[in-house]
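Colleague: I have a model open and want to learn how to read its ligand sites. Where do we begin?

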Amino acid sequence: MAKRQVMFTFPQERVKEPIIYNLGQQFKVVTNIRRADVTEAKGWVVLELEGDEKDIERGLAWVSSKGIRVDPVIGDIVEG
Amino acid sequence: MSYARALRCRKCGQEYPVQPMSVCEFCLSPLEVVYDYKAMAKTVNRDKVAKGPLSMWRYRDFLPTEVKEIDLGTGFTPLVKADNLGREIGLDRLYIKNDCLNPTYSFKDRPVSVAVTKAREFGFDTIACASTGNLAASVAAHAAKANMKACVFVPASVEPGKLIGIAVYNPVLMTVEGSYDDVNRLCALLVQRYHWGFVNINLRPYYAEGSKTLGYEVAEQLGWRAPDCVVAPAASGLMFTRIWKALDELSMLGLIEPANTHMFVAQAAGSSPIVNAFEAGSLHVLPVVPDTIAKSIAIGNPTDGQYALRIARQTGGGAGAVTDEEVLAGMKLLAQTEGIFAEAVGGVVVGVVKKLAASGAIKRNDLTVAYITGAGPRTQDTVADVVRPLVVRPTVESVEEVLGVPA
Ligand SMILES: Cc1ncc(COP(=O)(O)O)c(C=O)c1O
Ligand SMILES: [Zn+2]
């Protein structure tokens with residue numbers, strides 16, 4: 001079992017979709033929301049994912065393909 | 001013995017023992033070192049600092065390390081009064097903190113010196129980082145000095161010339177075939193799997209504290225006072241937050257009068273998530289996809305962005321961004337007025353100071369400190385167009401001819 005801490009940033013047209021629910025259902029990933037701020041215009045959610053490494057990867061690829069930006073919670077690691 | 005007491009979550013306040021760890025288990029926010037300031041206040045004073053070594057380690061009492069420091073001679077860099085540059089942009093009391101003059105040519109030696117010292121203390125034998133240049137060079141150099149192993153990860157797209165300044169210290173240097181995001185992902189996995197000290201991941205709270213010395217030094221060099229205005233660059237925003245933390249601590253400990261410094265964030269327009277949030281009046285920093293020649297601060301998803309933002313707001317400071325053209329102009333202006341050849345980040349800072357002075361956000365008489373955090377030669381091709389030599393024959397006549405000396 002692997003864990004991954006990520007931030008999703010939703011554009012307006014995706015705010016109403018049950019993305020996180022589907023991520024859990026379709027990819028057998030346990031989603032655990034820690035912080036969030038979602039308005040009708042846009043939103044971000046910080047969450048921890050737990051599951052098989054491959055399932056997490058496939059799930060995140062699917063989330064990205066929906067036009068949602070996926071970032072590591074710890075921010076960008078590659079520095080100047 | 002240090003005065004570091006615990007790690008504390010910047011968001012929810014949860015505390016953790018001092019250990020290699022950087023994110024709160026509950027809310028996944030960054031952790032920060034907290035100190036026993038009561039005990040610290042009993043021992044620190046101006047005289048004690050003044051008797052210390054001429055390096056950042058004169059502020060040892062304010063840092064979170066227990067063992068003998070791994071030091072290349074970092075810090076206590078010059079604070080110069082920039083009269084020529086000030087005249088150009090309309091500031092009478094402009095100072096430059098010239099942090100190009102560190103052992104590996106950037107301010108990164110400060111946080112890395114603390115991180116590597118802490119890594120040794122925690123029993124790591126390998127230190128690691130992901131970087132496009134400055135950080136990797138600093139980590140590799142400190143590992144050499146500490147007789148530790150360094151593993152540095154560089155995106156394969158980095159200019160080959162930059163690799164020399166890293167490889168010379170003989171780290172394990174890996175160029176990663178993939179995007180920046182791929183390198184981010186890889187390092188996040190490695191830190192879970194290997195017992196390595198990643199300076200900006202599991203050692204990040206300690207790493208951060210090294211940058212406080214940029215604040216202490218300036219206050220001491222100004223005769224123990226805080227500046228009226230500070231302009232400093234931000235990538236992850238970490239250094240910016242620690243300059244403020246340093247001034248705040250000095251006030252709290254009574255080494256300076258209460259700091260009333262206005263803190264201004266400088267970013268390149270092609271990578272300015274913090275400036276965008278400031279201008280939008282937002283509390284959340286939305287990630288961007290960076291595109292700027294100021295590569296060392298091209299970070300789209302800044303870890304400490306919201307904390308840098310908060311400081312800029314709370315101190316009555318601000319935020320400014322400049323285009324790549326303005327960056328190049330800033331680099332040249334700094335070199336040609338003050339004799340300081342900085343990398344593109346210095347051009348960002350000069351460009352932003354200029355804007356802030358022109359808009360009146362910084363007043364002519366404000367004692368202003370601009371932080372120049374990295375030297376030019378590592379990336380000198382950025383300004384290759386300055387080379388326009390006058391070609392002469394080896395005769396006096398030829399020289400006089402091109403100089404326009406009347407015959
Ligand atoms: C020269 C230079 N200045 C400033 C910064 C910004 O540092 P921070 O990530 O702490 O905002 C960096 C590195 O990222 C840098 O290389
Ligand atoms: Zn927390």
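Modeller: With a definition. A cavity is a set of grid points where a 1.4 Å probe fits but cannot get out. A molecule sits in one if more than half of its atoms lie within 2 Å of those points. In this predicted model, ligand 1 sits in the largest cavity.

Colleague: Which residues are closest to ligand 1?

Modeller: Count a residue as near if one of its heavy atoms lies within 4 Å. Here 17 residues surround ligand 1. The closest are B:Lys108, B:Ala235, B:Ser236, B:Met239 and B:Thr373. The surrounding residues come from chains A and B, so the site is shared between chains. By class, the shell holds eight nonpolar, seven polar and two charged residues.

Colleague: Which residues are the protein donors of the zinc ion, ligand 2?

Modeller: B:Cys9, B:Cys12, B:Cys24 and B:Cys27, each through SG, at 2.3 to 2.4 Å. Their sequence spacing is C-x2-C-x11-C-x2-C.

Colleague: What is the geometry of the zinc site?

Modeller: Ideal angles for four tetrahedral donors are 109.5 degrees. At this zinc ion the angles among the four donor atoms run from 95 to 119 degrees, and the site is tetrahedral.

Terms used: Residues numbered from 1 in each chain as written. Chains lettered and ligands numbered in written order. Predicted model: local features only at pLDDT ≥ 70, side-chain atom pairs only at ≥ 80, totals over all residues. Heavy atoms only, no water. 1 Å grid on protein atoms, 1.4 Å probe; cavity = no way out; pocket = protein on both sides within 12 Å on 5 of 7 lines; lining within 4 Å. Nonpolar A, V, L, I, M, F, W, Y, C, P; charged D, E, K, R; others polar. Donors = N, O, S within 2.8 Å, 3.2 Å for Na, K, Ca; no water. Tetrahedral: all angles 85-135°; square planar, octahedral: opposite > 155°, others 65-115°.
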